[in-house]
Each structure stands twice: as C-alpha cells, then as structure tokens.
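Today I am looking up salt bridges.

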Amino acid sequence: MKKLTMLAACVAVATLSSSVAFAAPTVDFSGTYFRSGLGSSRDGAHFTQNKDLLGRLGNESDTYADIGLGANVLETDDLSIRAETMFALSNDGTSRGEKTNTDLEQLNLQIKGLIPSDKNAVVWGGKRHYQREDIHMIDKKYYNVSGLGGGLEYLQLGPGQLSLAWTRNDADGFQYRYNDQNWNEWGWVDESNRGYKLYEKSKSINVNYLDARYAGWAPWDGAWTEFGFTYAMPKKGEADDRNGKVSFYEGYNGQFNLGDAYMATAQLSQSFNGGWNKTIVQYTTGGLAHHAIDIGDSWMDFWHNSDNAKGLNIINTGVTSICENLSVLHVVAYGFENHVSEDYYTTSFYGQKGDVSSKLTKASENGYTPIDRQDSFRVVVRPSYQLTKYTRLLAEVGAYWNHTKYAGQDKVLERQQKYTLAYAIAPTADIFSRPELRFYVTYLHASDWDRSDANWTKGIRNHDGDKYYQDNYMFGIQAEAWW
C-alpha cells in the first residue's frame with residue numbers, strides 16, 4: 001500500500017511538472033504591419049511611381065502585410081527564450097479574389113541570460129529581420145542584412161552595446177556553364193540550336209554577410225550614435241560531382257561580378273523640442289556600391305562589372321515640431337557611385353557535345369555601354385497639421401534628380417516631382433501614430449520626359465507600365481497600421 005501511495009504521488013508530481021513545463025505560451029503580435037487601399041488615375045488604374053524617390057504618401061497601390069507572431073517559450077530567473085515568426089502577404093490589390101504571394105520572413109529563437117556578466121545580451125539563430133533600420137516615408141531600409149543567420153547582440157561594452165552577426169541572403173536563378181570538356185554531356189546543344197548561348201539551367205549564388213555594430217554611445221546630452229561595418233562574401237564557384245567548378249554568366253553582358261564588398265555606416269541622432277534629427281553616412285564598395293544610389297537592403301549587384309566601384313551616401317531625416325498642432329517629417333539624401341560598370345569581355349559558347357569553343361568581344365562593342373558614374377539627390381517633406389483630436393491634414397512634396405554618366409557620352413538627366421494632399425484619421429497627434437485612414441489626391445510631373453525619346457521611362461508610368469506621360473494624377477483611400 002505504501003508503494004502504491006508513493007507511486008501515485010510521483011505520478012502526480014510528474015503530471016504537474018509536465019503541465020508547467022509544456023504549457024502553451026501566450027502568443028503575441030510582433031512587428032505586424034499592413035497597408036491597403038483603392039485608387040484611380042489618368043488611365044483609371046492605381047499605380048506606384050518611384051516612391052523611394054518621391055515619397056510614399058498617396059503613392060502606393062499594392063496590398064501588403066507583415067503578420068508577426070512571437071512567444072516567450074521559457075521564462076526563469078536567469079534565462080528567457082523567445083520564438084518569433086513572420087509571414088509577408090502581398091498582391092497588386094486590383095481585384096477581390098486576387099492571388100496572394102506568401103513569404104516566410106522570420107523564424108528564429110532569441111535567448112537572454114546565457115552570459116552571466118550581461119543578462120540583457122541576446123544570442124539568436126534562425127531567419128530574422130536583423131536590426132533593420134529604415135526611413136518610413138520613402139519605404140527604404142538603409143541598413144538591412146536580414147536573412148538566415150545567427151549572432152550575439154546588445155552586449156554591453158563601455159558606454160555602448162556591441163552586436164555581431166553572420167547572415168546569408170542568396171541571389172537566385174543565375175545562368176551558368178561548367179568548365180569541363182564534357183560539360184555538354186547532358187545534350188544541351190544539337191544542330192538546331194548550335195548558334196545560341198547555352199543557358200538552360202540556373203543556380204543560386206551564396207552571399208554571406210559578416211556584420212558588426214556598436215550603438216548607444218551618447219557624446220552629449222540628447223544625442224546617440226551607431227557605427228557599423230558589413231562585409232559581403234559571395235561564393236565564387238561550386239563543385240559538381242562530374243564536372244568541377246561552376247562559372248556564372250549574365251545572359252547579355254558577360255560574367256557576373258563576384259568580388260567581395262563592404263559597407264561602413266556611421267549615424268548621429270539628436271532629440272530636440274519634441275522632435276529628433278538623424279544623419280547617416282555610408283561608404284560602400286564593389287557589389288554593394290549601388291547602395292549609395294538606391295539606399296536599398298544591401299543586396300549584392302551581380303549585373304555589373306563593379307569590382308572597382310565606390311559609393312557614398314549621406315542622409316538626413318527627422319521630425320520637427322513647429323507648434324502644438326504642426327509638425328514636419330523630412331528626408332534629404334544625396335549619393336554617388338563611380339566605376340559603376342567597366343568595360344569587359346562578353347563570352348558566347350558554341351559547339352556540339354564534347355566541343356567547347358568560345359567567342360570573346362568587348363562589352364562596349366556588343367551594344368553595352370559602361371557607366372562611369374551615377375549621382376542621385378532626393379528630398380521629401382511631409383507636414384502634418386492636427387485639425388481635431390483624431391483628424392489631421394497631411395501634405396507631401398517630393399522631388400528627385402538622377403544623373404547617369406555613360407562612358408564617352410554626356411550625362412543623362414532624370415527629374416520628377418510629386419505633390420500630395422490628404423485628410424487622415426488617426427488615434428493621436430503623433431505623426432507616426434497608427435492606424436491611419438487617409439483620403440488623398442496626388443499630382444506627378446516628369447521634367448525630362450520626351451515623347452520622341454526611346455527611353456520613355458523618364459516619364460510617369462501607368463499601372464501596366466506600357467504607357468508613359470509627362471503628368472499624371474491619383475486619388476484614393478488608403479489604410480495603414482502597425483502594432
């Protein structure tokens with residue numbers, strides 16, 4: 001009887017322990033966002049025109065959502081483990097039953113408490129939006145090395161915190177051939193296609209990023225800083241069990257750029273009078289140099305021979321409080337990239353099975369003009385005037401100037417402007433307060449559009465991108481929220 005009593009007690013304790021250890025954690029929303037709306041234009045359809053250059057207010061036509069879910073799966077006195085996932089949903093927003101694209105954006109674990117001397121330091125691994133930094137009004141993430149990876153972040157070191165990460169973000173779908181006399185053993189070529197380039201397969205290029213950041217040092221009252229260095233390493237080849245090294249080729253202009261590259265970032269922010277101001281300086285090289293022009297996501301450029309490219313961009317953004325009911329959000333950015341693409345040889349492959357021959361020509365002799373330099377300047381200003389407790393009047397003025405200098409040619413100039421007026425409903429007077437429902441009208445103008453110019457893309461597009469105009473307009477309704 002005593003043994004049965006002890007057994008029952010053990011079972012009861014085990015059952016209780018199991019219920020505590022494996023109880024379902026509370027799931028919360030983390031980083032959830034959406035935008036959606038209806039609009040019309042000159043052709044009747046809704047469209048988006050260079051919102052990263054002209055500003056996004058009254059200039060977004062898609063339906064998009066990030067649905068983030070997270071849970072603290074373990075909480076003890078000395079350790080916490082958090083799991084996060086996120087799905088991105090998107091479509092063009094043109095019809096009720098439109099097919100929606102779904103992407104897995106995040107799936108990771110974040111652990112605190114593993115370092116006894118710093119309980120707030122985080123060890124993480126998985127797929128993650130890693131410390132992304134963005135400029136909301138132009139929808140650009142100027143510091144973004146997100147992807148699969150892991151690292152250590154927020155480790156207190158002196159007056160600031162150190163974060164170290166290794167991430168990977170591959171580039172997919174590139175054409176290739178094998179460097180071997182028997183590369184054609186799969187019968188890619190026959191008499192009917194002998195004169196064509198032999199690209200029937202595709203592979204991805206692995207790109208590894210090593211990222212280090214130091215943030216939080218305050219040089220004076222109200223200021224804070226961040227410094228970062230990112231080194232990108234694309235994988236230059238890949239072994240095959242039959243043929244040896246793989247070479248990647250661009251279908252029109254020759255071999256892809258596969259050199260290492262880096263980006264150095266320095267930021268200084270200052271709070272004042274209920275607002276704040278931030279200045280960002282970024283220096284980039286090689287396949288990352290394009291970032292100085294498009295300020296976008298730190299992806300590697302494999303479409304240009306840009307090993308010698310250098311880029312510099314300077315951004316200033318912030319919120320200025322003019323008076324109790326009036327505040328202004330702004331972004332001003334200038335960037336340039338030189339040696340964007342250099343002259344090099346294009347390669348065509350001919351031959352039948354067992355016969356590998358090549359034809360080399362200069363890219364400039366094959367209809368491709370190298371780009372010496374690109375310059376880009378953009379300015380977007382959004383004032384917000386609070387009308388009532390829950391309503392406000394918004395305006396946004398945006399303009400950009402892009403110059404492209406091709407080898408042996410004059411600069412190509414492209415300039416556009418956007419003007420938007422909107423009536424909005426939001427819960428507070430904060431210019432970033434969401435959710436927000438807007439009723440807007442937008443006017444767009446292209447200064448350098450020329451109907452006789454073959455490059456019609458200088459103009460304002462329609463929804464399908466098959467027509468361009470010097471002027472266009474949009475009006476509509478948009479909902480935006482995050483929590």
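**Notebook: charged pairs**

I started with burial: both Arg-434 and Glu-480 are buried (under 20% relative accessible area; exposed is over 50%, partly exposed in between, with a 1.4 Å probe and protein chains only). I then noted that this is a predicted model, where local features need pLDDT of at least 70, side-chain atom pairs count only at pLDDT 80 or more, and totals for chains, interfaces and linings use all residues. Residues are numbered from 1 along each chain as its sequence is written, and side-chain values use heavy atoms, with hydrogens and water left out.

Arg-434 forms a salt bridge with Glu-480 (a side-chain nitrogen of Lys or Arg within 4 Å of a carboxyl oxygen of Asp or Glu). Their closest N and O atoms are 2.8 Å apart. I found Arg-434 in the loop between β25 (411-425) and β26 (436-446), and Glu-480 in strand β29 (residues 471-482). Strands are DSSP runs of E, at least two residues, numbered from the N terminus. The two partners are 46 residues apart.

I looked wider. Arg-434 and Glu-480 belong to a network of salt bridges, with Arg-35, Lys-51 and Asp-139 also among its members. The structure holds 25 salt bridges.

Next entry: Asp-28 pairs with Arg-82 in a salt bridge, with 2.8 Å between the closest N and O atoms. Asp-28 is in strand β1 (residues 27-29) and Arg-82 in strand β4 (residues 80-91), 54 residues apart. Is Arg-82 buried or exposed? Arg-82 counts as buried, at 15% relative accessibility. Asp-28 counts as partly exposed, at 26%.

Notes: Helices (H or I, at least four residues) and strands (E, at least two) are DSSP runs, numbered from the N terminus.
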